[in-house]
Every structure is written in structure tokens, then in C-alpha cells.
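Q: Could you take me through this structure feature by feature, giving the general idea before the particular case?

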Amino acid sequence: LDIVKPSVATFQETAVAGSNRIKLKNYYCLQRNRKGVKLMGGVATFVKNELKANTLKVKEGEDDEEYIITRLDHVTPPVNIINIYGGQESRMSKEQILDSWTRLRREVKEIEEREEGLVLIGDYNRAIGNDRLGVTGNHPHVSYGGKLVRELLEDDRYILLNDSKVAEGGP
């Protein structure tokens with residue numbers, strides 16, 4: 001962060017528990033720590049201090065859902081960042097995966113209806129395959145949750161950056 005100095009940085013699997021807070025020089029931190037005694041988990045979005053007055057934590061995940069929505073209004077239209085650390089599908093039922101994804105999609109729809117910008121970023125923990133909607137070099141398997149992510153990508157309104165190249169040798 002000291003070298004690149006981004007306006008916003010997101011972290012997943014912060015391993016911060018309870019009411020502990022992360023502090024980074026020159027950054028305002030919005031975070032959601034993992035609930036309970038499980039290790040790892042959690043998300044944090046860091047915004048440069050000079051943008052703090054233009055930054056709002058809109059919402060965070062329910063129960064065990066690890067995501068936060070941060071709204072930045074220093075640009076027009078405002079930009080919403082949904083920083084997510086998805087649960088392990090092997091530890092969730094299909095119903096839990098669908099319920100969580102449905103709540104997240106509801107948040108996306110509300111942002112779209114306000115005609116605001118949206119970035120979904122994080123570690124979804126979903127197998128999304130290796131074709132046009134997946135990531136080159138990935139295993140071809142598409143999990144149940146991966147199918148839900150792919151539905152979001154199908155109409156090309158959203159793009160998956162894991163596989164995009166904008167410069168020689170880099171994402």
C-alpha cells in the first residue's frame with residue numbers, strides 16, 4: 001500500500017476476530033470480522049483517509065455471511081464495492097448457498113436500480129470452470145455456487161477480471 005498508494009484496497013480472510021480492528025497508516029478501514037471461534041475469515045476494505053468523508057459502510061452480510069458494501073460518493077455516479085469472502089461450498093447446503101447468493105443479488109439489484117457503479121470483489125470460493133465464463137487454466141468443474149456466479153456473467157453486464165489482460169504479462 002505504501003508503494004502503490006491505491007485509493008481503495010480490499011482484503012479477504014483477514015483472520016481478525018471479535019471487535020479487534022485493523023489499522024493501516026493513511027487508510028480508513030471498514031471491516032467485518034468472522035463471527036464465532038472459527039479461525040481465518042473476515043473482510044476489510046481500506047479507503048484513503050482523504051476519502052473518509054465520502055465513504056459509507058452501506059451493509060454487511062447476515063449471520064455467517066462475510067461481506068461488506070462500501071459506497072464512495074466522491075465520483076458520479078457513486079461506486080459501491082461489495083467485498084466478499086464466500087463460504088466453502090463443501091460446508092454448506094445448496095439451500096444455504098442459494099439463500100446467501102439471493103441476498104447478495106438483491107443488494108446488487110438495489111445498486112443497479114440507483115444507477116450507481118458496482119464492483120464485486122473478493123474470494124467467492126466457487127468453482128467456475130475454464131470456458132468463456134470461467135478462468136483459463138482452471139479446472140473445468142463448475143460447482144453449484146459457480147453456476148450462480150456464471151449466471152451473473154452470462155449477459156456480459158459484468159466481467160470476471162481474473163482472466164482479463166489489459167497489459168502485456170499482467171491482469
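**Reading the fold and its contacts**

A: From the N terminus on, the elements of the chain follow the order β-β-β-β-β-β-α-β-α, where helices (H or I, at least four residues) and strands (E, at least two) are DSSP runs numbered from the N terminus. The model is a predicted one, in which local features need pLDDT of at least 70 and side-chain atom pairs count only at pLDDT 80 or more, while totals for chains, interfaces and linings use all residues. Residues are numbered from 1 along each chain as its sequence is written, and side-chain values use heavy atoms, with hydrogens and water left out.

Q: How many helices and strands does the chain have, and what radius of gyration does the chain have?
A: The chain has 2 helices and 7 strands. The radius of gyration is taken over C-alpha atoms, and the globule rule is 2.2 Å times the number of residues to the power 0.38. For 171 residues a compact globule would have a radius near 16 Å, and the value of 16 Å for the chain agrees with this. The C-alpha trace spans about 45 × 40 × 35 Å along its principal axes.

Q: What share of the residues in the chain is buried?
A: Buried means under 20% relative accessible area, exposed means over 50%, and partly exposed lies in between (1.4 Å probe, protein chains only). By this scale, buried residues make up 37% of the 171 residues in the chain.

Q: Which residues of helix α2 are buried, and what covers them?
A: In general, an α-helix has 3.6 residues a turn, so residues three or four places apart point the same way. Helix α2 (residues 144-153) has 7 of its 10 residues buried, so it is largely enclosed by the rest of the structure. The buried residues are Gly-145, Gly-146, Leu-148, Val-149, Arg-150, Leu-152 and Leu-153, and their cover includes α1 (94-113) and β7 (117-123).

Q: Is Glu-65 buried or exposed, and which residues does Glu-65 touch?
A: Glu-65, found in the loop between β4 (55-60) and β5 (66-72), counts as buried because its relative accessibility is 9%. A contact means heavy atoms within 4.5 Å; leaving aside residues up to four places away in sequence, Glu-65 touches Arg-32, Ser-100 and Arg-103. For the chain as a whole, residues 24 or more positions apart account for 53% of the contacts with a separation of 6 or more.

Q: How many aromatic pairs does the structure hold?
A: A pair of aromatic rings is described by the distance of the centres and the angle of the planes. Rings of Phe, Tyr and Trp (its six-membered ring) pair if their centres lie within 6.5 Å, and planes under 30 degrees apart count as stacked, over 60 as edge-to-face and the rest as tilted. The structure holds 2 aromatic pairs. One of them, formed by Phe-11 and Phe-46, is edge-to-face, at 5.3 Å centre to centre and 85° between the planes. Phe-11 lies in strand β1 and Phe-46 in strand β3 (residues 43-48), so this pair ties together parts that are 35 residues apart in sequence. Phe-11 is partly exposed at 35% relative accessibility, whereas Phe-46 is buried at 2%.

Q: What is the angle between the planes of Trp-101 and Tyr-124?
A: The planes of Trp-101 and Tyr-124 stand at 55° with the ring centres 6.4 Å apart, so the pair is tilted. Trp-101 lies in helix α1 and Tyr-124 in the loop between β7 and α2, so the pair ties together parts that are 23 residues apart in sequence. Both Trp-101 and Tyr-124 are buried.
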